[in-house]
Amino acid sequence: MNDLRVKIITYGCQMNEYDSHLVASELAARGAHLVETVEEANFVLVNTCAVRGKPVEKVKSLLGQLRKEKQRRGGRFVIGMMGCLASLEEGQAIARDFGVDVLLGAGAIHKIGEALEKLEPFWDVGFYPELDEVVPPPPAGALSAYVTLIRGCDHHCTYCVVPRTRGPEVSRHPDLVLREVEQLVAAGVVEITLLGQNVNSYGKDDPSYPDFADLIRQVAALGVRRLRFVTSHPMNFSDRIIEAIAETPAVGQYVHLPVQSGSDRVLKRMAREYRRDYYLERVARLREALPDLVLTTDIIVGFPGETEEDFQQTLDLYDEVGFDAAYMFAYSARPGTPSYERFEDLPREVKIERLERLIEKQKQWSLERNRAWIGREVEVLVRGPAKEEHWALGHDQSNHPVLLPAAEVAGPGLYRARIEEASPHMLFGKVLEPALAGSVSP
Ligand code: SAH
Ligand code: SF4
Ligand code: F3S
């Protein structure tokens, strides 16, 4: 593979980012060169997302460009597609249309080496337990890294493709998780994010594994300075997990807990398995245990059949909880999902109008919640220069994005800072002292 020059392009969530790193490491171990641009590459691998229509459109447009590049180079150019969209028939049809040579579903990505050894097209959309045995090496120079805990999803939210793209829940063996974390800590990583579509379910599929609450403690005991996890399902967010968070300083007081809707009628049609009151009770319990809790969520607006009154209940729930931030989406009807088969989509204008109203609400709350941090001291993990001139970008222990004056920052690393100003999307701080300077220059 010495003449293989690979460019990986990643769409989708953190699980895809982790998977792209895993594949890049497999390729590098086999002698391939990882390059920065499509022009330098003779193999372009697209890691895809299928959760909404938009990422699918993006993949199609990229594949269109890659097909042209392949023609321009007289066919001496390999197009690869992997990840969630590749797991679906919808994606496989797209792959055929665009002349994709190598296709690996989300459960077969570790077969990348095998795929490239064969000089013929290679398609594999199986789900292989061996994938979970791969322990990728620490990303070079990184201060922050992901570790996959559990793949797949056993819930059946009616709008969601993920149970089909990533299969049923499979927890990784705790020894592998702990070994991976140990390597990252030894390499100087200060922040680890544990990943899964539903991390709270960790260990349910194997009685010999610790549950998520115990695993948090075991991982933190390895000396992880900051420990985070995404994402959580309210149904699996037990008191045991809340206790473990409260007892583990490395976790801080940050939780992402997707609610999706504030209306029981809509939650039922979504098959979310809980009611509004249950969600509010989990939030109350969390706030009791974690008085400085920073709580973020995901919300879908314009789910089929959502009335103005249902939507109003989502706005009311937002006021009742006062989320610090939210990822908000207009419902996207995805082929093959139960809600696509069963329900009629609302008009686009209705969805967009509601989304705009929700974003307005979110901005007000985020500004109010962020302002409460003015004057407080936080520890900021600076990643590098911000888009905004003269500022460096990082995030604090509660996952707020924080801008620090570039002149006060020597490079990526941890800094103690005092928050001086807030906007709906950012905190602005002043550096008090470096807590731990990183080894990488900006
Ligand atoms: N497993 C996670 C989230 C997975 S997808 C969870 O259950 O919370 C991330 C987010 O995308 C979801 O929380 C949901 O808000 C959104 N999403 C998923 N499918 C969607 C669809 N068909 N239309 C719009 N948003 C969707
Ligand atoms: Fe999708 Fe629901 Fe599973 Fe999350 S819990 S991945 S939204 S099916
Ligand atoms: Fe997308 Fe797959 Fe993640 S569908 S959101 S890349 S799990």
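Modeller: Let's start with strand 5, residues 102-105, which is covered on both faces. On one side sit Val102 and Leu104, on the other Leu103 and Gly105, and all of them are buried (under 20% relative accessible area, with exposed over 50% and partly exposed in between, using a 1.4 Å probe and protein chains only). Strands here are DSSP E runs of at least two residues, numbered from the N terminus.

Bear in mind that this is a predicted model, where local features need pLDDT of at least 70, side-chain atom pairs need 80 or more, and totals for chains, interfaces and linings use all residues. Residues count from 1 along each chain as written, chains are lettered from A and ligands numbered from 1 in written order, and side-chain values use heavy atoms, without hydrogens or water.

Now for the neighbours. Strand 5 pairs (at least two DSSP bridges) with strand 4, residues 78-83, in the parallel sense over four bridges. Here Met81 stands opposite Leu103. Strand 6, residues 122-124, also runs parallel to strand 5, over three bridges, and its Phe122 is the bridge partner of Val102.

Elsewhere, look at the ligands. Ligand 3 has residues around it (a heavy atom within 4 Å) that include Cys13, Cys49, Cys84 and Gln197. Gln197 also turns up around ligand 2, along with Cys153, Cys157 and Cys160, among others.
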